[in-house]
Amino acid sequence: MSNTWIVTADPHIAALVDVGRAIGGTITVVAVTGDGAQLLGVDRVIVVPAAAGVPAEALAPAVAALVAARPGDVVLAANRPAERVLAGAVAARLGAPLLSGVRSIGPGAAELVRFGGIALEQVTSASVLVGILEGGALASGEAAPVEVATGAVHSARITGQQTTEVEQVDLTAAKRIVACGRGFRAEADLALARELASALGAEVGCSRPLAEGQEWFSKDRYVGISGQHVGPEVYVAVGISGQLQHTAGIQESKAVVAVNNDPEAPIFAQADYGLVGDLYDVLPALAAALR
Ligand SMILES: Cc1cc2nc3c(=O)[nH]c(=O)nc-3n(C[C@H](O)[C@H](O)[C@H](O)COP(=O)(O)OP(=O)(O)OC[C@H]3O[C@@H](n4cnc5c(N)ncnc54)[C@H](O)[C@@H]3O)c2cc1C
């Protein structure tokens with residue numbers, strides 16, 4: 001019978017519980033948060049309590065020791081900062097592979113998404129597999145018996161916190177996106193894209209050079225293999241050449257519109273609608289037509 005462990009610092013683990021249920025057997029959660037009451041739909045919960053001011057990461061050795069005592073087949077963690085540390089500690093303790101980009105996982109085998117989804121990698125291993133996946137919503141279902149564990153805690157303490165104001169946007173939830181590329185000559189010219197986005201009811205995104213390098217946009221606005229993977233109804237790529245590293249992030253788009261003054265630009269091979277022209281002429285005309 002398979003035994004799945006979930007290590008977590010947050011009760012949002014519904015997707016991990018689903019994976020554990022699909023694997024079959026029992027699910028044990030090791031939690032470094034709360035009293036375990038929110039960790040529903042599993043078979044057993046072990047809470048590792050932390051004193052006030054101790055970060056979840058400091059409990060990683062205790063979590064790893066608990067899992068290593070009876071490791072089972074698969075260990076799952078959500079793709080969040082504290083959980084990545086917990087999963088890393090468990091993998092190191094077990095000498096097991098730590099897998100990111102997990103698409104599916106089970107005893108001894110996993111399928112991983114690579115290069116922004118344009119390739120899949122099959123992994124097999126005789127050892128336990130430790131996988132990092134999206135955590136999902138709050139878990140639901142029956143309450144499980146909760147035990148409280150003790151264990152080694154690193155001496156780390158939170159001594160101060162600084163809050164940074166950052167613009168945050170969830171492009172993955174956007175229904176329409178107008179994305180800007182290096183075809184824009186100056187930051188002030190982005191007003192043309194914002195005007196079109198406003199007429200379309202769209203979010204504004206960009207290619208990587210405009211977020212990393214020019215820094216005209218925050219990093220959560222760039223689309224591609226190392227940025228956001230988006231799937232809007234309409235994706236308008238303006239002054240974007242269409243390099244693979246960018247287009248890997250727009251594969252789920254329902255319709256792609258490209259505006260580029262180079263008729264040979266690779267983006268046109270990905271586009272459902274192509275407009276060959278100077279964006280400085282095309283965007284105002286499009287925005288006016290949509291108003
Ligand atoms: C490891 C790695 C990861 C990367 N990850 C990403 C990623 O996640 N996302 C990403 O976007 N990039 C990524 N890149 C960078 C990527 O390879 C390209 O360099 C980048 O996507 C190019 O951005 P661009 O299309 O805006 O610029 P360019 O390639 O310079 O294209 C600009 C386009 O604008 C057009 N243009 C110019 N003037 C006008 C005008 N007046 N009107 C209309 N069109 C005009 C040109 O014809 C051209 O096609 C990555 C690169 C590496 C090495």
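Modeller: Two strands pair if DSSP finds at least two bridges between them. The strands themselves are DSSP runs of E with at least two residues, helices are runs of H or I with at least four, and both are numbered from the N terminus. Before we go in, this is a predicted model, so local features need pLDDT of at least 70 and side-chain atom pairs count only at pLDDT 80 or more, while totals for chains, interfaces and linings use all residues. Residues are numbered from 1 along each chain as its sequence is written, and side-chain values use heavy atoms, with hydrogens and water left out.

Let's start with strand S11 (residues 176-180). S11 runs parallel to strand S13 (residues 234-238), and five bridges join the two. Within that pair, Arg-176 faces Val-234 of S13. Zoom out and you get an open sheet of five strands, ordered S12-S11-S13-S14-S15, with parallel pairing. Strand S12 (203-206) and strand S15 (273-276) are the edge strands, and each pairs on one side only. From one strand to the next, the twist averages 20 degrees; here the axes are lines fitted to C-alpha atoms (for helices, over the stretch in contact), with angles from 0 to 180 degrees between N-to-C directions.

Now for the ligand. There are 25 residues around the ligand, and Arg-182, Ser-207, Ser-226, Ser-241 and Asn-260 come nearest; "near" means having a heavy atom within 4 Å. For polar contacts, think of N or O atom pairs within 3.5 Å; within protein, one atom must be able to donate a hydrogen and the other to accept it, and residues adjacent in sequence count only if both atoms are side-chain atoms. Ser-207 uses its side chain, with an N or O atom 2.6 Å from a ligand oxygen.

One more side-chain detail: Arg-185 lies over the face of Tyr-280, 4.2 Å from the ring centre. That label requires NZ of Lys or CZ of Arg within 6 Å of the ring centre and within 35 degrees of the ring normal.

As for the wider layout, the domain assignment, which is automatic or from a database, gives domain 1 (3-148) and domain 2 (171-290). Their C-alpha centres lie 37 Å apart.
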